[in-house]
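Me: I have a protein model open and would like to go through it slowly. Could you help me with a few questions?

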Amino acid sequence: MPTPLQRKSTSVEIEQRFDQDVERFANLETGQTATMDAPLAMELITAAALAATPVIGTMLDIGCGAGNNTIKLLRSHGGNVDCDLNDLSMPMLVRARQRVAQETSGRITIRQGDFRTVHFADDGYDIILAAAVLHHLRDEQDWLDAFAKIHRLLRPGGSFWATDLVSHENGQVQQLMWRRYGEYLEAAGGADYREKVFGWIDREDSPRPVTFQLDLMRRVGFCSVDLLHKNSCFAAFGGIKG
């Protein structure tokens with residue numbers, strides 16, 4: 001039986017695991033090997049962010065890890081941007097700041113902690129990115145509050161873009177896509193790797209369908225939303241604040 005929401009890993013437990021895993025997340029070329037189409041998804045959300053919000057003064061990267069998505073956006077943008085980097089893990093943030101500082105002379109601020117409880121300025125960002133982080137949200141109120149906060153933090157005309165693990169509305173489709181994902185993991189690292197990743201997901205994650213998330217974005221006030229890419233259990237999507 002899947003681990004129930006109330007018994008999933010806490011933010012502190014997730015932080016402790018990621019403290020030990022910095023270098024795995026510091027490879028811009030390969031992204032996260034446990035994520036299908038990670039390099040493509042990163043390229044798509046950063047390109048869409050620049051297309052939707054071409055004038056960028058400030059950006060926020062939620063769950064920034066070692067900074068890959070911010071670096072990709074800065075290289076595509078070609079200008080200096082003030083960057084706020086948020087993550088549970090301080091070692092991740094230190095590594096991200098080192099790497100991002102090589103890409104921009106803008107201000108870089110690191111903000112350790114759970115995005116849901118860290119204070120950020122309302123209307124403070126032109127672009128917000130979130131890669132492989134939303135799946136840590138729990139019940140429906142938690143999801144609603146998180147998307148409402150993201151919308152509130154954006155300036156009018158700003159945009160939010162995410163890549164993430166997702167589930168499916170139909171149980172049979174969920175089984176099909178989960179099987180395909182398992183085959184991908186086994187091809188990447190063998191049966192032991194597949195079970196290791198599935199164990200992380202069961203303990204730490206509670207993904208929702210991308211349809212649920214797009215509907216929720218409209219509900220909290222995004223004037224337009226778009227699905228950029230989906231492959232099995234992973235999706236890239238985003239929206240614009242009116």
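**A walk through the model**

Reply: Gladly, and please keep in mind that this is a predicted model. A place to begin is lysine 149, which touches Phe115, Arg116, Thr117, Val118 and Phe120 when residues up to four places away in sequence are not counted.

Me: Where is lysine 149 placed?

Reply: Lysine 149 sits in helix α5, which covers residues 140-153.

Me: And is lysine 149 buried or exposed, and which side chain of opposite charge is nearest?

Reply: Lysine 149 is buried and yet has no salt bridge, since the nearest side chain of opposite charge, that of aspartate 114, is 7.4 Å away. A salt bridge would need a side-chain nitrogen of Lys or Arg within 4 Å of a carboxyl oxygen of Asp or Glu.

Me: OK, then which residues do form salt bridges, say with aspartate 84?

Reply: Aspartate 84 meets arginine 107 in a salt bridge with an N to O distance of 2.8 Å. Aspartate 84 lies in strand β2 (residues 82-87) and arginine 107 in the loop between α4 and β3, so this pair ties together parts that are 23 residues apart in sequence. Aspartate 84 also forms a salt bridge with arginine 111, at 3.0 Å from N to O. Arginine 111 belongs to strand β3, so that pair joins parts that are 27 residues apart in sequence.

Me: How accessible are aspartate 84, arginine 107 and arginine 111?

Reply: Aspartate 84 is buried, with a relative accessible area of 4%, whereas arginine 107 is partly exposed at 38% and arginine 111 is partly exposed at 27%.

Me: What about arginine 152, which residue does it form a salt bridge with?

Reply: Arginine 152 has aspartate 122 as a salt-bridge partner, with the closest N and O atoms 3.3 Å apart. Arginine 152 is in helix α5 and aspartate 122 is in the loop between β3 and β4, so the pair ties together parts that are 30 residues apart in sequence. Returning to aspartate 84, salt bridges with shared partners join Asp82, Asp84, Arg107 and Arg111 into one network.

Me: How many salt bridges are there in the count?

Reply: The count comes to twelve salt bridges.

Me: Switching topic, how many aromatic pairs does a search of the whole structure find?

Reply: That search finds eleven aromatic pairs. One of them involves phenylalanine 147 and phenylalanine 160, whose ring centres are 6.2 Å apart and whose planes are at 80 degrees, so the pair is edge-to-face. Phenylalanine 147 lies in helix α5 and phenylalanine 160 in strand β5 (residues 154-165), so parts that are 13 residues apart in sequence are tied together.

Me: Are those two rings, phenylalanine 147 and phenylalanine 160, buried or exposed?

Reply: Phenylalanine 147 counts as buried at 0% relative accessibility, and phenylalanine 160 is buried with a relative accessible area of 0%. Phenylalanine 160 also pairs with phenylalanine 222, where the ring centres are 6.3 Å apart and the planes are at 40 degrees, so this pair is tilted.

Me: Which residues do ring pairs link into a cluster?

Reply: Trp143, Phe147, Phe160, Phe212 and Phe222 are linked into a cluster by ring pairs.

Me: Now helix α4, which residues are buried there?

Reply: In helix α4, covering residues 90-100, the buried residues are Met92, Leu93, Ala96, Arg99 and Val100. They cover an arc of only 130 degrees around the axis, which puts them on the same side of α4.

Key
Residues numbered from 1 in each chain as written. Predicted model: local features only at pLDDT ≥ 70, side-chain atom pairs only at ≥ 80, totals over all residues. Heavy atoms only, no water. Helix = DSSP H or I, 4+ residues; strand = E, 2+ residues; numbered from the N terminus. Buried < 20%, exposed > 50% of the residue type's maximum accessible area, 1.4 Å probe, protein only. Lys, Arg positive; Asp, Glu negative; His and termini not counted. Contact = heavy atoms within 4.5 Å. Arc of directions from axis to C-beta. Phe/Tyr/Trp six-rings, centres within 6.5 Å; stacked < 30°, edge-to-face > 60°.
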